[in-house]
There are 2 protein chains.
Amino acid sequence: MLLPSIFRSLEEDYWHLCESVQVWDVSVQRQVEITGPDTQKLVQLMTPRDLSQAELGQCFYAPLCDETGGMINDPILIKHSNNHWWLSIADSDVLLWAKGLATGFGLDALVTEPDIWPLAVQGPKAEELLSRIFGKEISKILFFRSSTFNYQGTKMLVARSGWSKQGGFEIYVNDSELGGQLWDELFAKGEDLNVGPGCPNLIERIESGLLSFGGDMGYNTTPFECGLDKYVSLDADIESLSLEELRTRKSKTKLIGIVIDRKVNLIDKRVFIGSNVVGKITSNTWSPRYSVFLAFVRCELKHLEDAQNLHVKTTSGEVSVRITDLPFDFETLGLTGIEKGTSI
Amino acid sequence: MLLPSIFRSLEEDYWHLCESVQVWDVSVQRQVEITGPDTQKLVQLMTPRDLSQAELGQCFYAPLCDETGGMINDPILIKHSNNHWWLSIADSDVLLWAKGLATGFGLDALVTEPDIWPLAVQGPKAEELLSRIFGKEISKILFFRSSTFNYQGTKMLVARSGWSKQGGFEIYVNDSELGGQLWDELFAKGEDLNVGPGCPNLIERIESGLLSFGGDMGYNTTPFECGLDKYVSLDADIESLSLEELRTRKSKTKLIGIVIDRKVNLIDKRVFIGSNVVGKITSNTWSPRYSVFLAFVRCELKHLEDAQNLHVKTTSGEVSVRITDLPFDFETLGLTGIEKGTSI
């Protein structure tokens with residue numbers, strides 16, 4: 001399955017997402033459905049995040065990790081009931097891993113991929129738009145909570161979530177015909193809100209510090225090496241495959257942010273101190289809001305101890321970079337954002 | 001990863017493959033590498049085919065099945081040693097399933113995806129071409145056996161195998177730079193053999209009865225439902241996840257062949273007896289050699305008991321089809337193949 005990456009231009013899409021409302025067909029975000037008495041046990045085995053207090057309808061961003069502490073995926077977990085969870089997966093696969101684990105551990109848990117096609121409605125006007133379709137009840141959904149809504153007689157899950165920091169919802173469309181109808185209705189009822197089609201936006205997600213599996217993180221990185229420390233419940237008394245290893249495994253790399261105060265054309269993805277390569281850019285973009293070049297860099301930790309004078313190679317020579325923790329804190333960086341149209 | 005499907009035209013590629021020699025970049029055929037003391041145990045768990053007598057260098061076409069008997073993949077298994085196997089996978093994934101099983105069963109087996117980019121050299125002149133590069137030793141490799149050859153100082157595995165019935169080899173290229181060099185050398189040394197680029201060919205593989213995972217078979221079919229009976233060792237005393245279920249699970253569908261003695265344009269993929277849908281075409285092609293339309297059809301078994309008068313719907317109305325077992329036996333079907341150029 002493919003996912004679009006740009007509709008008009010990266011920058012036009014960016015401003016539109018930040019100011020209006022976009023409808024994203026993120027069907028590619030497949031659901032791994034787990035049902036049966038051992039569901040909760042299997043889900044907990046896969047993640048070091050403590051799920052023991054999970055409530056019905058609650059959503060969890062959670063690293064999935066194998067027994068070495070390496071990441072497998074970073075999905076949104078959704079609890080329908082103790083015996084029924086969805087893993088709304090990110091840019092890699094989970095289905096066969098969950099299936100293999102269930103079989104190997106002899107768990108009474110059925111792992112399947114139902115036909116669910118998530119539709120993300122993102123942007124500051126998303127709530128207004130959805131309330132015109134699902135009613136005012138939509139505004140009662142708290143962040144990372146979900147609720148079931150009736151659409152043309154069919155129940156669909158709607159969660160306040162999505163892969164942007166502009167606010168919005170994800171509708172878990174479960175009927176292909178109704179999906180088309182819903183799409184049309186979103187556009188018809190959102191005309192005055194300047195609704196448009198969209199997709200995860202590179203600029204927005206880097207500014208917001210949202211990581212992409214396969215690029216910014218992978219099988220060989222731990223959650224700690226991806227800045228996902230707060231999603232690892234190190235002290236929890238839970239049965240998780242990775243927790244023991246994560247308690248002792250030493251981080252080798254760290255994902256940091258770099259900022260360059262002007263436009264640059266990189267020659268390659270390497271980041272240097274002197275002539276030593278100390279890291280590699282995993283994602284980068286020009287920020288039209290802050291007028292800076294932003295990048296995520298995977299750095300060797302040993303080189304970061306007294307990190308200074310980092311630079312990259314560009315078509316106009318070596319260029320110094322500022323380093324910072326992720327997500328970017330623009331205020332601390334002394335950067336003031338502009339609104340669209342005032343761009344230099 | 002993508003795989004090309006046509007170079008010149010489906011039919012030109014077909015004749016070229018059957019008469020000359022083609023080089024296929026089948027890097028997409030990823031290797032799942034399993035190493036460690038429990039390797040053989042893990043591989044055997046995944047397949048109902050008895051591997052206990054496997055010899056070093058031997059290759060096995062084998063269905064991988066889960067504990068319900070449903071297929072996960074149909075790879076070529078290659079035994080490097082008791083503690084080292086490759087699963088050279090077909091059109092679906094295996095890595096995470098193997099990894100999950102190893103973890104769940106607590107096996108001492110490491111599951112990884114090494115960077116191996118298989119290069120298939122297929123066609124009647126493949127042996128001549130490879131002997132010009134690897135020497136006459138290449139002809140000593142028996143069918144579905146492999147041996148290690150030295151290429152520019154690097155050892156590479158070469159097996160007599162490949163996804164066509166035209167003969168040939170698969171070279172498991174393990175060095176990206178040498179891969180390019182080898183590609184160029186194959187073309188330079190094969191000029192007089194009319195070597196050309198190629199890829200699995202729809203016409204050839206249907207004529208030869210080679211099935212494609214995801215189309216002709218899937219998670220919900222057993223090997224028996226795909227005509228792979230001979231790869232299930234029902235009486236073997238082996239530890240295999242699926243064997244118990246496969247001994248008792250009743251087949252619901254069967255993959256059969258259909259033949260139509262003229263060109264047709266299908267309206268859809270359904271196959272009928274009277275007004276009842278009894279099956280669905282999973283793959284089809286026009287055979288330029290036999291001047292017939294050939295298709296694989298997944299049929300409901302209950303409808304096949306006294307199957308006669310099957311038909312499909314075409315743009316020029318209902319057309320009767322002949323049904324046959326797979327692979328197609330053209331002699332029994334009374335069909336005589338022609339050589340290229342004599343085509344009607």
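Strand E15 (residues 266–273) and strand E18 (residues 310–314) of chain B pair in the antiparallel sense over four bridges. Two strands count as paired if DSSP finds at least two bridges between them. Helices (H or I, at least four residues) and strands (E, at least two) are DSSP runs, numbered from the N terminus. Leu266(B) stands opposite Thr314(B) of E18(B). The model is predicted: local features need pLDDT of at least 70, side-chain atom pairs count only at pLDDT 80 or more, and totals for chains, interfaces and linings use all residues. Residues are numbered from 1 along each chain as its sequence is written, while chains are lettered from A and ligands numbered from 1 in the order in which they are written.

Both strands belong to an open sheet of seven strands in chain B, in the order E19-E18-E15-E16-E17-E14-E20. The pairing is antiparallel. Strand E19 (317–320) and strand E20 (322–324) of chain B are the edge strands, and each pairs on one side only. From one strand to the next, the twist averages 35°.

Helix H2 (residues 39–46) of chain B is mostly covered, with seven of its eight residues buried (20 or more other C-beta atoms within 10 Å of the residue's own, with C-beta atoms placed from the backbone). Among them are Leu42(B), Val43(B) and Leu45(B). The cover over the buried residues of H2(B) includes strand E2 (31–35), strand E6 (76–81) and helix H3 (95–104) of chain B.

Between the chains, 13 residues of chain B are in contact (C-beta atoms, placed from the backbone, within 7 Å) with 13 residues of chain A.

Conventions. Contact = placed C-beta atoms within 7 Å. Axes fitted to C-alpha atoms, helices over the stretch in contact; angles between N-to-C directions. Buried ≥ 20, exposed ≤ 12 C-beta atoms within 10 Å, placed from the backbone.
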